[in-house]
Amino acid sequence: MDSRFNRHSERLLERFGQRVWRLGIDAGFGCPHREGATAEHGGRGPGGCIFCAPEGGLAAYQHGTLGAGRPDGLQEVPPLDVQIGHGIEFLKRRYGAEAYFLYFQAFSCTNLPVAQLRAVYDTAIGMVEEAAPGGLKGIVVSTRPDCFDARKAALLAEYARPSPDGHGFEVWLELGLQSAHDATLRRIRRGHGVAAYVEANRLAGEAGLKRAVHVILGLPGEGRAQMLDTVRFVNDQGIEGIKFHDLRLAKGSSLALQFPLGEFMPLYPGRLPSLLADCLELLDPCVEIMRLCADFSRDSAINVFPPPEKNRLYAAVEAELERRRTQQGSRAG
């Protein structure tokens, strides 16, 4: 590796011969765990995760496409063609992008029956292929572990296929675990336990999907030992990719409402390079690192501390690993 950790972006460059950019969209799935979810979306009562932002994690560059909130608590979602057109235009202008992963990003993107999922996926894929001929290299589906089953795994596996350029069409499933501790998952009102993740990850692996996991650092009640236990756990389960998020106070989240009461304090950014180096040392070298920190638009989070700048954080983690003379996998089991 050129880096001391296995950067997802560099592996994509090797596999496809060019940079591949994520085209994040909100395909209208909603989340079965969020307050105000309708019966149509399988609502399971009030609440939702205490950290979740109102827009459900949609890419910052898409925020301008979102309409006002609806009476049922869900946001108005613009048509897919508007989001896709806007996303491609932004990525081309900002990065000169020519290759894309279509990223079903916002909320729980398997939150429909299989037949309806197929229709949504097919429609969005067709729109990207029409807007950027030859540019679509794969899809990424982000969801909750308790919103995934064998039939949905089989559906996603159908999209993995050889491509004309010989590099293949990649299909990634991103599962939000956040912590490997059931007590923490209850504390953050996650709505599922660790066992749900274990089963979903197993089904995805058996279907041949590339599996990524979301882990949050700095959750209430967790110290360094608990965070590292989570990393060991997901590494043992078998994954192809991981996203680290440092817990931020998203405006409109339950956690942000707790903060004025003094019930939560985010991680100090200066702690991240050492903590992330510890995490990376525990991961198999083959696991692709997709993200090292959370990503919020300027006005969508309460920044108690100045948030880490991505490139500087990556450089600081590299420097910490170099100082230790270690790399990703140095302490993997």
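A salt bridge, as the term is used in this talk, is a side-chain nitrogen of Lys or Arg within 4 Å of a carboxyl oxygen of Asp or Glu. Glu320 and Arg323 form such a pair, with their closest N and O atoms 2.7 Å apart.

Before going further, a word on the basis of these values. This is a predicted model, in which local features need pLDDT of at least 70 and side-chain atom pairs count only at pLDDT 80 or more, while totals for chains, interfaces and linings use all residues. Residues are numbered from 1 along each chain as its sequence is written, and side-chain values use heavy atoms, with hydrogens and water left out.

Let me stay with the charged pairs. Side chains of opposite charge can pair when their charged atoms come close. Glu320 and Arg323 are three residues apart in helix 10 (residues 310-324), so about one helical turn separates them. Helices here are DSSP runs of H or I with at least four residues, strands are runs of E with at least two, and both are numbered from the N terminus. Glu320 is buried, at a relative accessible area of 14%, whereas Arg323 is exposed, at 59%. For these words the limits are under 20% relative accessible area for buried, over 50% for exposed, and partly exposed in between, with a 1.4 Å probe and protein chains only. Both residues also belong to a network of salt bridges that links Arg224, Asp278, Glu281, Glu320, Arg323, Arg324 and Arg331.

A second pair lies in helix 7 (residues 224-237), where Asp229 and Arg232 are three residues apart, about one turn of the helix. Their side chains meet in a salt bridge at 3.0 Å, N to O. Asp229 is partly exposed at 34% relative accessibility, and Arg232 is partly exposed at 36%. A further pair joins Arg19 to Glu10, with the closest N and O atoms 3.2 Å apart. Arg19 is partly exposed at 37%, as is Glu10 at 25%.

I turn to the backbone. Most residues other than glycine have a negative phi, and most peptide bonds are trans. Phe107 has a positive phi, near 65°, and is found in the loop between strand 2 (100-104) and helix 3 (114-131). Phe107 is buried, with a relative accessible area of 14%. Arg189 also has a positive phi, near 55°, in the loop between helix 5 (182-187) and helix 6 (194-206). Arg189 is partly exposed, at 34%.

Finally, the cavities. Which classes make up the lining of the largest cavity? Its residues divide into ten nonpolar, one polar and two charged, where Ala, Val, Leu, Ile, Met, Phe, Trp, Tyr, Cys and Pro count as nonpolar, Asp, Glu, Lys and Arg as charged, and the others, Gly among them, as polar.
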